[in-house]
Structures are given as C-alpha cells and as structure tokens.
Amino acid sequence: MTQFPNNSEKTFKTLCERSDKYSQRVALTFKDQAITYEELNQRSDKVATELLTILGTSDLNESRVAFLMEAGLDYVVVQWGIWKAGGVVVPLAKSHPPPELHHTLQDSDPILVIVSSKLKRSIQQADFETTRVIDASQLLDADPNPNSANLQLPSLKPERRAMMIYTSGTTGKPKGAVLTHSILSAQITSLVEAWEWSEDDRIMLVLPLHHIHGIVNVLCCALWKGASCHISSHFDPIDTWNHLSGGELTLFMAVPTIYMLLIKTWEAASESDRSRWSRGASNLRLMVSGSAALPKTSLEKWEQITGQVLLERYGMTEVGMALSNPLHGKRRPGYVGSPLPGVKVRRVDENGVELGDSEQEGELEVSGPNVFLEYWRNPEMTEDSFKNNWFRTGDMAVVDGGSYRLLGRTSVDIIKTGGFKVSALEIEEVIRQHSAVTDCAVVGIPNEDWGELVAVAIVKEPYGEFDLEDFIGWTKNYLAPYKTPRELKLVSELPRNAMGKVQKEQVKLLFSNSLQT
Ligand code: AMP
C-alpha cells in the first residue's frame with residue numbers, strides 16, 4: 001500500500017535523523033525553558049539507549065511503547081527516544097477516563113508503558129497490569145549506563161511502523177491507526193510544501209498530543225523544517241492571546257472551538273487588551289483551522305478581530321491532511337479547498353462510481369503515500385475501509401471549481417428524512433445566524449414516519465431571550481421545510497471530546513426527553 005515517492009529508500013531520513021543539520025537552532029520552548037535541536041538529539045539518544053538497555057535488546061523492532069506524559073519538552077524527548085530505539089510510539093490521552101486508557105493499552109499491547117510521575121495514578125486506575133510501567137524520569141534523569149556506551153542505535157527503514165494513533169470511530173471502540181516512518185514523512189512534507197514552512201517559523205502548540213493535529217501538523221512539521229515550537233501545558237485563552245500578540249509567532253493552528261473561545265475572551269476583554277491582541281495577531285503569516293467544520297460566523301468574526309482569514313483544511317487520522325484552502329489566493333468560506341501536494345482525492349456515488357467536478361454529493365476517497373498502513377490487528381476493518389487502494393473516508397462532499405465543500409459524515413451528519421438527504425452541517429450554519437443562538441448541533445433521530453427527524457440542540461445567547469415560536473418561524477425563512485428542525489433542546493453546552501469535536505451520538509441521547517416543535 002505504501003510507496004516512497006518523496007523519499008527514495010536509500011536517501012530516506014526519519015524526522016529525528018534529518019534534524020542533525022539544525023543543531024544550534026531552538027527546537028522547542030516550554031514556560032521559561034528552551035532546548036536546541038542538538039540538545040533534543042542528545043537527550044533523546046540517551047532515552048533510546050536507556051530503553052534498549054532496560055529491555056535488553058539492540059532494537060525495539062516495532063514493539064509498541066505507550067506513553068502518558070504532560071505536554072512539554074520531555075514529551076518530545078521521550079517520543080524521539082522511542083523512535084530512535086526502533087519502537088512504535090503510542091501516545092495516550094491525559095483526558096481519557098480509565099476504561100478508554102484500558103482499551104488503548106489492551107489493544108496496542110505495548111512492551112512498556114512510560115508515565116510521568118504526576119500521571120501514574122491514571123495508569124493505575126486503567127487497571128492494566130500485564131505490561132511493565134516505568135516512570136519517565138528513569139529514562140530522562142538516569143546517569144549514563146557504562147554498558148550502553150557502545151550501543152549503536154538501530155537504523156530505521158522507511159517502511160517500519162512509527163506511530164499508532166487511536167481514533168474514535170463512529171462505531172465500536174477506538175482503533176489504532178498505524179503510520180510508518182514513510183507515511184509520517186509524506187504527511188509532514190505535504191504540509192511543509194503547501195504552507196511553506198521555513199526555519200524562521202515559530203508556532204505555538206495548544207492542542208492535545210494524542211491527536212494527529214497537534215502531533216503531525218504542528219509539532220512534527222515544525223521540527224521537520226528546523227523551525228521552533230512553543231509548547232503550552234494546556235489551552236488557556238488569555239495566555240494564547242498574549243502569545244499571538246507578542247510578536248514571536250509566525251503560525252497558529254487550532255480547532256474551531258479554540259477560535260470560538262478566543263473570540264469570546266476577546267469580546268470580554270478591556271479596550272486596551274483588545275486592541276493590543278488584535279494588532280499583534282494580525283502579524284502572523286498564517287492561521288489554520290481544521291478537525292471540525294469552521295462556522296462561517298467564526299471565520300468572519302476572526303477576520304474582523306485580527307484581519308486574518310483563517311485557512312480551513314480537511315484531514316483525518318487515517319490519511320493525514322488531504323484538502324486545504326490555498327496559502328496564497330482566495331480562501332472560500334465554507335470550503336476546505338483542493339488536494340494537498342502528493343495526495344489524491346476523489347468522490348464516488350453510492351455505487352462506487354467516480355463523480356466529476358459537480359454539485360452532486362459523493363463520498364470522499366483518498367489515496368497516496370500519506371494514507372495509513374492499517375488498523376492495528378484488525379485486518380477486516382482495514383480491508384473494509386479501502387476499495388481498490390482508495391481509503392473510504394465516510395465524509396460526504398460536493399466540489400465546485402476544484403474546491404471541496406463538506407456535507408458531513410455519511411453516518412452521523414447526513415440525515416435521511418422523508419426521503420431527502422440533508423446535511424446537518426448546512427442546517428447548523430443557518431441556525432448559528434439566529435441572534436439568540438451561540439452554538440448548535442443538528443442530529444437525525446429515528447422516527448417511524450420520516451425515517452429520521454431533524455433535531456437541534458441549541459446553546460442560547462447568555463443574555464438573550466429565546467422564543468420558540470419566533471425561532472421556528474425564522475428557520476422557515478431560511479430552510480426548506482424538510483430541513484427545519486422538528487425537535488429542539490436548549491442546553492448550556494454541547495458535549496465535546498478532547499479535540500473540541502461535538503459528540504453527535506451524545507447529542508442524540510438528549511432527545512429522549514425533548515421539547516417538540
Ligand atoms: P480525526 O481523525 O479525529 O481528525 O477526525 C477526522 C474527521 O474530522 C473527518 O473525517 C471529518 O469528518 C472531520 N473534519 C476534519 N476536518 C474538517 C473540516 N475542516 N470540516 C469539517 N469536518 C472536518
């Protein structure tokens with residue numbers, strides 16, 4: 001499935017190997033600490049050597065090593081150390097409750113779990129005792145082992161497995177999507193080329209480090225190009241605004257929810273903070289949004305506040321990034337752009353027949369060196385998700401003038417009501433324009449007469465009055481009758497996962513006891 005068009009096997013260098021040339025440049029900063037590429041290499045060499053010594057081998061040979069650590073310099077040192085020792089990194093999520101950690105550990109079957117001292121309890125609560133667990137400090141702070149002085153680190157071929165990211169499927173439990181070093185490098189180089197990353201770039205990382213967005217798009221891209229990444233321990237809107245306006249950053253990437261929170265914080269700030277933040281943020285060369293649909297209202301508000309037109313892109317754990325609005329040129333609101341360098345994207349109809357450039361909706365399929373290798377130990381699921389070497393994304397889209405517009409996922413965001421197929425995202429876009437609505441999530445709920453009924457959970461404006469009749473009348477002005485919500489629920493907030501993505505299955509559950517419209 002994987003070829004190496006970007007890197008012939010002979011000249012292939014992993015992310016860590018190619019960083020030698022940036023030696024004295026600052027790779028990472030965290031709070032008041034900084035680490036150069038040379039230091040990152042030295043420290044991760046030491047972690048790799050310790051790992052090999054502890055496990056009594058000269059090559060981890062693609063064994064999985066799970067790690068649960070806070071965002072920070074040590075996270076990257078350990079990640080690189082596992083790679084350099086020949087292992088497969090399995091990042092665990094701090095936000096995951098014990099049953100989810102248990103599932104990830106059981107499924108990935110790691111040879112070792114590395115955990116920071118503060119997070120040890122989470123691993124204990126995950127009730128997973130079949131694997132050895134060590135404290136990260138044992139690797140990071142250990143005195144050099146005299147027996148390891150001559151230990152040679154393994155050389156890594158491009159087709160070796162590098163990382164497994166657990167991705168939440170709409171059905172069943174999360175699956176481990178496996179990336180090789182070659183796939184990882186294809187995902188990185190595509191973005192580096194499209195968004196013109198350079199050594200002079202400096203990005204801030206506010207995203208979780210168990211998801212492709214933070215790991216690949218932010219961290220790996222920066223380190224691939226010799227740029228610098230400032231790591232935040234967590235997303236804090238005021239701290240983020242201060243960094244965005246501090247004159248240091250050239251790039252910023254986040255999910256729509258983060259932009260929405262930044263907008264709210266700006267609106268609540270003093271006049272002087274607002275103008276300082278706006279002025280400073282206008283100087284970045286690029287701001288990117290992705291991983292969920294960016295509401296047009298947020299795009300417009302962000303432009304009003306910062307002068308920045310957010311670049312929206314589309315991707316998923318299994319394929320990396322696939323579509324992007326242009327770096328130079330017009331970014332179309334509501335569209336996710338065209339295929340990224342080296343990535344092939346097409347749309348097919350219900351019978352798998354390829355569709356051309358048309359307004360007829362079709363499912364997106366992706367192929368190229370960026371597409372993942374397999375779902376870990378799940379050959380049936382892997383096989384099912386490909387058709388003739390094309391990965392079936394489950395996302396529906398139309399295309400206009402070469403630019404794609406997403407309609408949602410086949411399974412949750414496409415609602416079949418009264419024989420009509422409607423896009424939940426499209427209805428949400430309309431409802432968000434209502435003056436009493438802050439945010440909303442549209443779902444289809446089972447109904448005998450209609451197949452599915454359109455239902456909406458609404459977060460209302462905190463100070464506004466929400467008049468149901470008025471709202472229904474208003475929606476009829478903007479939506480075809482079959483698209484207007486038939487059930488409605490007011491909520492204080494929408495259920496979201498760690499990436500800020502609305503959990504539609506949970507929204508559906510809200511309607512067991514709903515207000516009929
Ligand atoms: P994940 O693997 O967690 O990154 O989730 C991938 C899914 O997020 C895709 O299959 C899409 O359904 C959704 N997604 C990613 N980017 C966008 C976007 N720009 N607009 C709408 N949905 C998106």
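## Two neighbouring helices

Helix α10 (residues 256–268) and helix α11 (residues 271–281) have axes that come within 8 Å and cross at roughly 140°. Axes here are lines fitted to C-alpha atoms, for helices over the stretch in contact, and angles run from 0 to 180 degrees between N-to-C directions. Helices (H or I, at least four residues) and strands (E, at least two) are DSSP runs, numbered from the N terminus.

Which residues of α10 meet α11? They are Thr265, Trp266 and Glu267, which face Arg274, Trp277 and Ser278 of α11 in this contact, where contact means heavy atoms within 4.5 Å. Sorted by class, the α10 contact with α11 has two nonpolar, two polar and two charged residues. In this scheme Ala, Val, Leu, Ile, Met, Phe, Trp, Tyr, Cys and Pro count as nonpolar, Asp, Glu, Lys and Arg as charged, and the others, Gly among them, as polar.

## About the model

This is a predicted model, in which local features need pLDDT of at least 70 and side-chain atom pairs count only at pLDDT 80 or more, while totals for chains, interfaces and linings use all residues. Residues are numbered from 1 along each chain as its sequence is written, and side-chain values use heavy atoms, with hydrogens and water left out.

## Domains

The domain assignment divides the protein chain into domain 1 (28–156), domain 2 (215–409) and domain 3 (414–514); such bounds come from an automatic or database domain assignment. Between the C-alpha centres of domain 2 and domain 3 there are 24 Å. At their meeting place, 18 residues of domain 2 are in contact with 14 residues of domain 3.

## The open sheet and its helices

Let us turn to the sheet. Nine strands build an open sheet with mixed pairing, in the order β2-β1-β10-β9-β11-β12-β13-β14-β15; two strands pair if DSSP finds at least two bridges between them. At the edges are β2 (33–36) and β15 (338–339), each of which pairs on one side only. Four bridges link β1 (residues 26–30) to β2 in the antiparallel sense, and leucine 28 stands opposite isoleucine 35 in β2. Helix α8 (residues 212–224) packs on this sheet and touches β1, β9 (202–205), β10 (228–231), β11 (251–254), β13 (311–316) and β14 (320–324). The direction of α8 makes about 155° with that of β9.

Helix α8 also meets helix α3 (residues 73–84): their axes come within 13 Å and cross at roughly 80°, so α3 and α8 are roughly perpendicular to each other. Tyr75, Val76, Gln79, Trp80 and Trp83 of α3 make the contact with Ile215, Leu219, Cys220 and Leu223 of α8. By class, this contact of α3 with α8 has eight nonpolar, one polar and no charged residues.

Serine 289 lies in strand β12 (residues 286–289) and is buried at 0% relative accessibility. Buried means under 20% relative accessible area, exposed over 50%, and partly exposed in between (1.4 Å probe, protein chains only). Most residues other than glycine have a negative phi. Serine 291, in the loop between β12 and α12 (296–306), has a positive phi, near 85°. Is serine 291 buried or exposed? With a relative accessible area of 15%, serine 291 is buried.

Asparagine 388 also has a positive phi, near 50°, and sits in the loop between β20 (386–387) and β21 (390–400). Asparagine 388 counts as exposed, at 70% relative accessibility.

Strand β26 (residues 451–460) is mostly covered, with eight of its ten residues buried. Strand β25 (residues 437–447) runs antiparallel to β26 and is joined to it by ten bridges, with a hairpin of three residues connecting β25 to β26. Within this pair, alanine 441 stands opposite alanine 457 in β26. Strand β27 (residues 487–490) runs parallel to β26, with four bridges between them, and valine 456 stands opposite leucine 488 in β27.

Phenylalanine 471 belongs to helix α15 (residues 468–478) and is buried, with a relative accessible area of 0%. Not counting residues up to four places away in sequence, phenylalanine 471 touches Ile431, His434, Val437, Ile458, Phe466 and Leu488. Phenylalanine 471 and valine 437 are 34 residues apart in sequence, and their C-alpha atoms are 9.7 Å apart in space.

Technical notes:
Parallel < 35°, antiparallel > 145°, perpendicular 65-115°, else oblique.
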